[in-house]
Amino acid sequence: MSRTALRICPLCEATCGLTLTVEGTRVTGARGDRDDVFSKGFICPKGASFGAVDGDPDRLRTPLVRRDGELSEATWEEAFDAVAAGIRGVVDRHGANSVGVVLGNPNVHTMAGALYPPVLLAGLGTRSVFTASTVDQMPKHVSSGLLYGDANAIPVPDLDHTDHLLLIGANPLESNGSLCTAPDFPGKLKALKARGGTLTVIDPRRTRTAKLADRHIAIRPGADALLLAAVAYVLFEQDLVDTGELTAHLQGLDELRAAVQDFTPEAVADACDVDAGVTRALARELAAAPTAAVYGRIGSCTVPHGTLASWLVDVLNILTGNLDRPGGALFPQAATDRTPRPAGPSHGFALGRWHSRVSRHPEAKGELPLSALAEEIDTATAEGEPVRALIAVAANPVLSAPDGDRLDKALGSLDFMVSVDPYLNETSRHAHVVLPPPPPSQSPHHDFAFNTLAVRNQVRYTRPAVPLEPGRMAETEILARLILAATGMHGADPSAVDDLVIGQTLGKAVKDAYSPVHGREPGELAAELAGDTGPERRLDMMLRLGPYGDGFGVRPDGLSLTELLAHPHGIDLGPLRSRLPQPLKTRSGKVELLPQPLADDLPRLREALRHQVDGLVLVGRRHLRSNNSWMHNVPALTGGTNRCTLQIHPEDAERLGLKDGAAVRVKGAGGEVVTEAEVTDGVRPGVVSLPHGWGHNRPGTRLNHALKDPGVNVNQLLDGSLLDPLSGNAVLNGIPIKLAAVAAL
């Protein structure tokens, strides 16, 4: 007999509500939950394929432990015994920094991935931390940290109310949005146009999003910061700056005006390949709109000036008075945010508190560049120990980081490696221990990270749709036991991790004069927590202490886990609203428009006015039915347009003698790949495009469907030397490459 169960989709940042059809313990169907307070029934192909993703037969069911060089099935006890011996042995011999931790993108899509890695990092005390953020979004965190004092204070466009939306380096019709959590992003763009609004897209490709736009500007890849600086110049030049109610919260407006004086539309025109008249029109249209929002994403982050581009996105919102107002860009307020504190000067944001051992890359937000992982393993220096052990949680850097071949070899040289992953993939195949989490249907779900980026304030929680199978271990317990094993407490009850966090959090809260529980007894508060598991108790605690919470009885109508469970489709908390100055944590207590690190990087941007890349350059692209390297093993999400091809403009194809479907050799600084040419006018001349996340052809993996059509690893074309210096983010777009026709595939 079939039944239905609710589940928030964990397969992209849109976080849509799903209604699952379950036969026994198997998910046989998925449709949009029409009663979901946020997504209102929207579903994309990934969500519709939830059952296929969940039931992939190649998912590992039991732990694997390496014995005599081979990975073989083991018990959970054997696996954690091996982890404790392997990690602690390296720490004892070489110190905490010799243990590296790599956190992949899927961590932010699970409760376990949000709650436990911070505890792991604190317990290990290692500075060798690498995440997917430095191949994706770190420039936005750094620019937000410098502007607002908080690297996680990222304003998002008010999609439902804006009159003018300018997108740069973003393709939400394929990605469903990123650093902007918005179910049915395509529908919101169509609604914008239907109410008479304007959509402008800046992208070197004529994407599905660009085709919907009123104006598409096919910029030269990598020139994003130059164009945005020129728009800022025009706003000052033509007296179009109107900061309105923001004025009292701003510091450095005059200094900003002086800083952009070199970036006239005429000066940037050749580098951007955008006519000066178009740039001036962009500025005038932005200033004239009743409300407007500028939104930049991965295309503007993964370039040589990614942090400057991310900063300038916010600068344009500020100069037009559109930051922190409805219809502009606002700061969301998640239900699990910390208790709001009074506005005022705070600790600010610091960069470069430590550096990587080999290339001396500065830390950003507690992380080192993922591009540096290979050299931190395989290169000896006089300063510090190399990374000799690695903990990889939901990470596949062999495909996601530059120069996968070098990293592949480096991983093979480690003394010990543990991977938390449902698959034996290109990275986890090197592990000495693989700890497989259960499929998503068997896990609870709350979006801690994405609700801080949501275009509407709301809160939702779903318990597991399917009971945990015999022999499986909950992902939360896997990570709790991993923490204990890695930090010298192997064998302790995993509930000790949750109890520790609850005790520490409540202990701080009762000492905080601004907390609703100030002066109370932590033990009594802990005893009041609801929930069947440690993670649920932690969620209840965060909800009750948060901005909408009941304050442990102080506000009887406030949020708690009990209240949330009574609303299975979620609770709507209302539209985004103006919040300044409360989110600011700068030392001045104001939005610091021209922080010194950004001012110091502007000469490098001025140099870009005089140096242009000759020949072809490479950009990436997203597929609607994919998410990085996650989903190529699911037949329902591969094939059709979801293919690993090199898109090339007809003019370039004719010049190089390439035919549609022909084999083409692509060569970059890090290596070369051979793939299939796709001739299309969807890319501008001089630009080619290859999607990321492919290259499933390494031996020793268990990805049977992906192996049938492995594609090629675009990041093998990179040698890892090109980084945005402020954020450490890898430069993945605008990369010089060379093409040559080869014999037919």
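1. Leu 146 belongs to helix α6, which covers residues 138-148; helices here are DSSP runs of H or I with at least four residues, strands are runs of E with at least two, and both are numbered from the N terminus. Leu 146 is buried, its relative accessible area being 6%.

2. The model is a predicted one, in which local features need pLDDT of at least 70 and side-chain atom pairs count only at pLDDT 80 or more, whereas totals for chains, interfaces and linings use all residues. Residues are numbered from 1 along each chain as its sequence is written, and side-chain values use heavy atoms, with hydrogens and water left out.

3. Which residues does Leu 146 touch, not counting those up to four places away in sequence? They are Phe 349, Leu 351, Thr 586, Glu 592, Pro 595, Pro 597 and Leu 598, a contact being heavy atoms within 4.5 Å. Between Leu 146 and Glu 592 the sequence separation is 446 residues, while the C-alpha to C-alpha distance is 7.2 Å.

4. Most residues other than glycine have a negative phi, and most peptide bonds are trans. Leu 580 and Pro 581, however, are joined by a cis peptide bond with omega of about 5 degrees. Pro 581 is located in the loop between β19 (571-575) and β20 (591-592).

5. Arg 360, a residue other than glycine, has a positive phi, near 60 degrees. Its location is the loop between β14 (329-330) and α16 (373-378), and Arg 360 is partly exposed at a relative accessible area of 39%. Phe 552 likewise has a positive phi, near 55 degrees, and is placed in the loop between α22 (534-545) and α23 (561-565). Phe 552 is buried, with a relative accessible area of 4%.

6. Side chains of opposite charge can pair when their charged atoms come close. The structure contains 42 salt bridges, each defined as a side-chain nitrogen of Lys or Arg within 4 Å of a carboxyl oxygen of Asp or Glu.

7. One of these salt bridges is formed by the side chains of Asp 405 and Arg 698, at 2.8 Å from N to O. The pair links distant parts of the chain, 293 residues apart: Asp 405 is in helix α18 (residues 404-412), and Arg 698 is in the loop between β25 (687-689) and α26 (704-708). Asp 405 is partly exposed, at 34% relative accessible area, whereas Arg 698 is buried, at 14%.

8. Helix α18 also holds Asp 408, whose partner Arg 429 lies 21 residues away in the loop between β16 (416-420) and β17 (433-435). The closest N and O atoms of the Arg 429 and Asp 408 salt bridge are 2.8 Å apart. Arg 429 counts as buried at 17% relative accessibility, and Asp 408 is buried at 11%.

9. A further salt bridge joins the side chains of Glu 672 and Arg 665, at 3.0 Å from N to O. Glu 672 is partly exposed, with a relative accessible area of 39%, and Arg 665 is partly exposed, with 32%.

10. Which residues are linked in a network of salt bridges? The network consists of Arg 520, Glu 528, Asp 540, Arg 544 and Asp 550.

Note on methods: Buried means under 20% relative accessible area, exposed over 50%, partly exposed in between (1.4 Å probe, protein chains only).
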